Amino acid sequence: MKLFSPAKINLFLYVTGKRPDGFHTLYSLMVPIDLGDEIDLSCEGAGIRVQCGYPGVPEDHTNLAHRAARLFFDRYARKTGKPPAEGVFIRIHKKIPPGGGLGGGSSNAATVLKFLNNAFGCLFSRQDLMDMGLGLGADVPFFIFGGAAFARGVGEKLEKAVGLPRCSLILCDPGVASSTAKVFEKLDFSLTSNSNYSINTSSNMLIGSGEVDLGGNLHNDLTQTACRLYPQIRSAREEMELLLKKKVHMSGSGSSLFALFPGEKAAKQGLEALERRFQDRPWKWFTASFLTDEC
């Protein structure tokens, strides 16, 4: 079976605290986009095999998709009293830049969990799968939840976001993989927002004057830290803003950057201008759109 494994962007991300166990609590609005990986999955043979030809992406037990399959089989055996009769072969056609804050590995893990649950009798509820996913990564429950969502806690408390327009965006991969652990380790709380996070979660909150507008809340508390650790992110962001004449934002803990547009035509025009101007830079460009049930 060939499945689509979407990326996501964080329209806003506030770091709201730090727990005794060292994990940070967040408040974020995450939206899936139509840039994604393709995953071929088949139940065959024994054990778990992962194949991915993208440079730097592991194919062993450290791959998040492999870990997701191992976790599912362990929980399946615990629930049924016996291991499944077959293993799984996972072939990942990678299009989401790794280390870009777009949730590629987490999305792959969620896709594998959902596939295996369907393939082996739907023993687990969506909430069961989300609970499993949280042990793999904070973004995995979001991709199992499905659709745009407000996320709180470490990412496990999700509330459906409604009324989002089908915006388009330009994405930039600045050619550096950002370490989530390092960005959070170096986070200076004096640089985070003092917002009271009283953001209206009702419909149409992103629409203003024909442009995407969050009333000042299109923000990421991790941007300054990531730009300090990875100057390539800062340079790409500044250059994009100068050429596009609009704000450019970072997704997650970086390194991917995005600028929002009200439609595909404007995004493609912006992309063409960026490609002409920065053809000598090691930056990669993509256009994408929100995946939303509502337009």
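**Figure 1. Strand β2 and its cover.** Strand β2 (residues 24-42) is mostly covered, with 16 of its 19 residues buried. Buried means under 20% relative accessible area, exposed over 50%, and partly exposed in between (1.4 Å probe, protein chains only). Helices (H or I, at least four residues) and strands (E, at least two) are DSSP runs, numbered from the N terminus. This is a predicted model: local features need pLDDT of at least 70, side-chain atom pairs count only at pLDDT 80 or more, and totals for chains, interfaces and linings use all residues. Residues are numbered from 1 along each chain as its sequence is written, and side-chain values use heavy atoms, leaving out hydrogens and water.

Figure 2. Strand β1 (residues 2-18) pairs with β2 in the antiparallel sense over 15 bridges. Two strands pair if DSSP finds at least two bridges between them. Lysine 8 has proline 32 in β2 as its bridge partner. Five residues lie between the strands of this hairpin, and glycine 22 takes a positive phi near 95°.

**Figure 3. Further partners of β2.** Strand β5 (residues 149-153) pairs with β2 over five bridges, in the antiparallel sense. Here leucine 26 stands opposite glycine 153 in β5. Strand β4 (residues 88-93) is also joined to β2 by five bridges, and the two run antiparallel. Isoleucine 39 has isoleucine 92 in β4 as its bridge partner.

**Figure 4. The four-stranded open sheet.** The strand order is β10-β11-β7-β12, with antiparallel pairing. β10 (249-250) and β12 (284-289) are the edge strands, each pairing on one side only. Strands β7 (residues 168-173) and β11 (residues 257-261) share five bridges in the antiparallel sense. Cysteine 172 stands opposite leucine 257 in β11. Helix α7 (residues 231-244) packs on the sheet and touches β7, β10, β11 and β12. Its direction makes about 20° with that of β11. Helix α8 (residues 264-277) lies across β7, β11 and β12, at about 180° to β12. Contact means heavy atoms within 4.5 Å. Axes are lines fitted to C-alpha atoms, for helices over the stretch in contact, and angles run from 0 to 180 degrees between N-to-C directions.

Figure 5. The peptide bond from glycine 254 to serine 255 is cis, with omega near 15°. Serine 255 sits in the loop between β10 and β11. Cysteine 122, in the loop between α2 (104-119) and α3 (126-134), has a positive phi near 50°. Cysteine 122 counts as partly exposed because its relative accessibility is 46%. Lysine 245 lies in the loop between α7 and β10. Its phi is positive, about 60°, although lysine 245 is not a glycine. Lysine 245 counts as exposed, at 71% relative accessibility.
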